[in-house]
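Good morning, everyone. Please take a moment to look over the sequence and the model before I walk you through a few of the details.

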Amino acid sequence: MAVDRRKIAVFGAAFVLRLLLTCFFPSLPDLLTGRVEVSTPVNSFKRLQEGLFLYTGNVSPYDGGVFHQAPLLLPLFALLPNAKSSPLPTAIFYFLVDLLNAHALVNISASGQSVKSKLHSAVRKHVQWDGVSVAAWFLFNPFTIATCLARSTSVFTTSGILFAVSNAVAGNSINAMLALGFASYLSLYPALLFIPLVLLCYDRRSEGPSPPNVGSFIVQQAALLLASVAGLIGLSCLITGSFWEFISATYGFHLLVPDLTPNVGLWWYFFIEMFDSFREFFLGVFWLHLASYVGGLTARFRSQPLFIITSLLGVFAIFKPYSSISDASLFFALLPLYRHLFPLMRYTFFAGSAILYSSLLGPAFYHLWIYAGSGNANFFYAITLVWSLGLSILLADTVFAALRDEWEQEHPEQVGTEVRQV
Amino acid sequence: MMTKTGDQESPASASQVDQPSVKRAPPPETPAAVQTRFRVIAAFWAVIIFLGFPIWWKTTSIYRASLPIEEMVDWADGKACRPVFPLEIHLATPSMQSFEAQHLLRTTQHTLDDLNEFAAHHLRLKLTNGSTTAHNSEDSSESVKYPAETADTALTVRLLPQDGLAGPWSELHAATTQLDIFYPPSQVPVPSSSNSPLSAFIAAELQRLYGEEKATIAHILSGNTAGLDSTSPQLAEDIDRRLRRSMKYAETYHLSFSLFTPGSEPSSWDIEAAVNEYVSPLLQALSPISNFTVDTQVQLYANFAPTAPKPEYDESEAAWTLKKEDLSAFVNAAEWPLNPSIGNGPTINFILYVPDPSQSPLLVNENRASSWMIPQWGGVFLLNPPLSNTEQGGRSNPAHLSQDSLGPAFMTFSHQLLTLLGTPSTPASLPLRLQTSIRIRAATLLLSASATMGSLARLTESLPSIPIPATVATSVSTTLSHLSASCVYLREGRFGAALASARVAETEAERSFFEKSMVGQVYFPDEHKVAVYLPLLGPIGVPLVVGLLKELKRIAGRRKAKGTAS
């Protein structure tokens with residue numbers, strides 16, 4: 001049971017590291033909670049506290065327009081002791097969610113879907129990390145740690161997505177859809193992962209003895225997803241009482257992006273500058289832009305559904321409204337599954353430096369703008385552009401590597417030859 | 001924008017990567033790769049066509065409700081309505097024979113018509129018997145508020161014979177709309193004569209009463225007083241000055257009564273009683289014209305502005321005096337809390353200033369006056385209450401101002417209020433002046449709402465890109481219907497109703513003109529849209545369009561190849 005012992009060691013070390021950070025730097029969680037890179041209006045723990053206060057005071061949590069998260073989080077957090085007076089239980093709860101996410105990653109990795117699926121088999125199958133290493137990459141990623149310490153509610157969306165994927169790779173389509181329903185209920189955008197996830201489930205199912213019919217399978221899964229989301233929304237209605245108030249405060253807020261607080265995404269600056277009369281149009285453009293990748297990537301990578309999900313998560317990390325480093329950490333969590341693609345990537349150094357550069361300079365420029373007053377909004381915006389550039393390069397490089405991998409599979413004689421643009 | 005990085009190259013890169021050398025041709029694409037590429041391009045274009053275009057259409061189309069442009073322009077040009085002011089004047093002749101009265105009426109009307117040179121404003125005489133006269137005169141102020149189906153009675157003239165008079169003389173009741181004319185019985189016109197001294201006197205008297213009103217209305221309708229030859233330059237200047245001094249018309253005025261004093265006393269005043277006594281009746285009478293709210297405040301330790309000239313002691317008058325030219329600096333606008341506006345509508349400020357005992361009494365140097373008016377802003381009254389000796393040997397103001405001591409100040413304030421609202425200074429009867437005020441306001445609002453309609457019509461014509469919400473169309477139609485109603489009421493002589501309609505028309509016209517959603521795009525010409533769309537959509541669009549063209553070319557080429565093959 002060497003592997004298990006390694007897993008325990010990694011998980012334990014991750015837990016202890018988080019605990020030590022919380023205990024030795026008691027102000028660190030609150031500092032991170034206030035950072036715009038970590039906390040956006042839709043996942044901020046501070047706002048959750050506000051909603052929780054209103055909720056426990058029997059006032060609608062959406063009164064006051066501060067809280068924009070799903071209402072089912074409220075009874076959950078109401079069970080935990082007050083995070084202000086005794087922060088440790090809440091923190092430990094978040095640590096455990098992180099470990100669960102890592103566990104889901106181990107399962108995904110163990111399935112081997114990233115290297116060998118029904119329709120595709122990678123050339124460099126042997127170049128691979130095992131599940132524990134992948135989990136370690138996730139657990140010791142500074143972005144993940146920061147998200148976890150900041151108690152951002154994005155971690156629950158991350159759990160939903162990772163559990164959906166881990167169930168899908170196991171062919172457990174019902175659980176996958178329920179988990180995706182949970183993630184979509186929390187943050188809306190994971191619903192875009194529906195098509196690749198269904199393909200993943202379908203591929204796993206059709207490997208079995210009785211492959212289901214494609215059309216009816218998709219309809220079934222869609223109905224399941226809708227039912228799970230409807231069920232969660234129904235529960236939320238029981239909690240908040242007013243359907244439209246909660247819908248407009250949560251999903252309306254996600255869709256219409258009324259809060260233009262700076263974050264690492266690309267939307268806030270654009271919509272600050274946008275003429276009011278074109279605001280609706282460009283909201284549509286931005287959302288469609290985000291959604292349009294689903295069709296293209298799915299058509300291109302039909303044979304590798306898990307890779308579609310990975311690259312879509314990368315797209316979301318760059319182009320989604322209210323993006324934070326937690327979205328990037330989810331993308332980075334799935335990337336190590338594609339260890340076999342790393343030798344094919346060409347710009348890892350450039351992408352890595354851009355991401356490092358922006359993660360170091362971002363807080364500095366934000367400080368210059370907001371606190372020191374010696375910079376302006378363009379400073380921080382420029383850094384978020386570099387951040388998005390770094391992620392885009394990484395994403396594009398990964399996609400390129402995957403394509404190259406497919407090509408080499410079709411043309412085994414060409415392995416190792418140089419790429420030329422014609 | 002770093003859009004479309006990965007997937008744009010995806011269809012192409014599958015076929016274009018991996019060539020060992022330029023000389024060696026790339027391996028041929030498999031049919032599966034070609035189909036995949038087609039699917040990818042189709043997926044992107046499906047999103048654009050089925051979602052993108054509807055969203056573009058929905059979010060950028062400009063809703064323009066249709067407006068009755070021609071009708072609006074007609075109103076603005078004065079073609080739709082020529083405001084007329086037929087004033088109905090009742091002639092009560094309790095001691096005359098019916099035929100004598102008829103004759104007197106005819107000759108007087110004739111004389112009036114001869115005298116009148118401004119056709120829009122004319123006086124119509126009508127006979128009433130004595131019994132209804134009394135009723136009418138009582139009712140006249142009421143009829144303003146509750147417009148009946150019949151025309152408002154502007155004035156009741158009572159002809160009373162009086163022995164021992166050389167010629168007729170008249171007496172105007174100050175509190176009612178009644179003019180008594182006393183005449184020697186011998187002057188009753190005989191039916192054979194075409195004119196008589198009595199009818200000439202009545203006509204001249206009426207002409208005199210309505211002279212100022214006529215000049216004012218002529219001034220408003222034509223924009224200057226030149227239209228009327230008989231208007232004396234003096235009167236024209238008066239009207240001009242009054243119109244300049246009075247506030248712009250508003251639906252609601254806020255009256256703010258403030259007590260300012262540089263010391264600690266007086267610290268209270270019987271303001272409620274004073275307002276009820278002196279201001280409320282006036283506001284009641286003015287209610288058909290505008291709505292009023294009343295606010296009051298007491299401000300202690302209110303000092304003059306440091307730059308303001310100090311009062312000087314005048315030995316001969318034994319009083320402190322302010323120079324007339326320094327009065328404009330009297331109000332310390334920077335420090336005295338005089339809100340420029342309380343809610344919607346302008347504020348009219350009335351300041352009661354009680355000077356420091358060391359500077360009491362305080363007067364205006366030139367004319368010994370204790371009050372003055374600030375045009376379009378309000379009025380100031382210097383109240384010098386009797387001083388009492390304190391135990392320390394000094395003198396102090398009374399701690400409380402009683403209603404009686406406030407009396408003169410509030411009489412002045414009500415007079416200032418009337419002037420600020422543009423009420424004419426003649427004739428002496430207040431109900432008559434209020435009626436005049438109603439007619440003047442009706443004319444002003446009619447013109448102003450019509451002009452607003454014209455401006456709105458021109459604006460929508462000249463800027464085809466501004467949206468016109470349905471609410472604006474509704475407001476415009478409300479305005480137009482109330483304008484025509486107002487015009488009809490004017491023709492019928494029902495001025496109260498005309499003013500009520502004109503007020504609605506004005507409010508709606510302003511609302512439609514200042515609609516917020518219209519203003520947003522006023523300064524946004526069509527050519528700027530290129531600058532809005534291109535920076536983002538250009539980079540996204542180029543690869544998509546090129547991909548589509550290549551694909552179409554390939555399909556067309558294959559068709560052709562098939563055609564030649566078969």
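Predicted model: local features only at pLDDT ≥ 70, side-chain atom pairs only at ≥ 80, totals over all residues.

What percentage of the 566 residues of chain B count as buried? The figure is 34%, where a residue is buried if 20 or more other C-beta atoms lie within 10 Å of its own, exposed if 12 or fewer, and partly exposed in between, with C-beta atoms placed from the backbone. Residues are numbered from 1 along each chain as its sequence is written, and chains are lettered from A and ligands numbered from 1 in the order in which they are written.

Let me stay with chain B, which has 15 helices and 17 strands; these are DSSP runs numbered from the N terminus, helices being H or I with at least four residues and strands E with at least two.

One sheet of chain B is open and consists of 5 strands in the order β8-β6-β11-β14-β13, with mixed pairing, where two strands pair if DSSP finds at least two bridges between them. Because β8 (291-299) and β13 of chain B each have a single partner strand, they stand at the edges, and one side of each is left without a neighbour in the sheet. On average, neighbouring strands of this sheet are turned by 15 degrees against each other, direction ignored. Within the sheet, β6 (residues 252-260) and β11 (residues 347-353) of chain B run parallel and are joined by 7 bridges, and His254(B) stands opposite Thr347(B) in β11(B).

The loop between β13 (371-374) and β14 (378-382) of chain B holds Gln376(B), which has a positive phi of about 60 degrees although it is not a glycine. Most residues other than glycine have a negative phi. Gln376(B) counts as partly exposed, because it has 13 C-beta neighbours inside 10 Å.

Turning to chain A, we find another positive phi, near 50 degrees, at Val257(A), again a residue other than glycine. Val257(A) sits in the loop between α12 (243-256) and α13 (267-273) of chain A, and it is buried, because 22 other C-beta atoms lie within 10 Å.

Finally, helix α15 of chain A, residues 305-319, is mostly covered, with 15 of its 15 residues buried.

Key. Axes fitted to C-alpha atoms, helices over the stretch in contact; angles between N-to-C directions.
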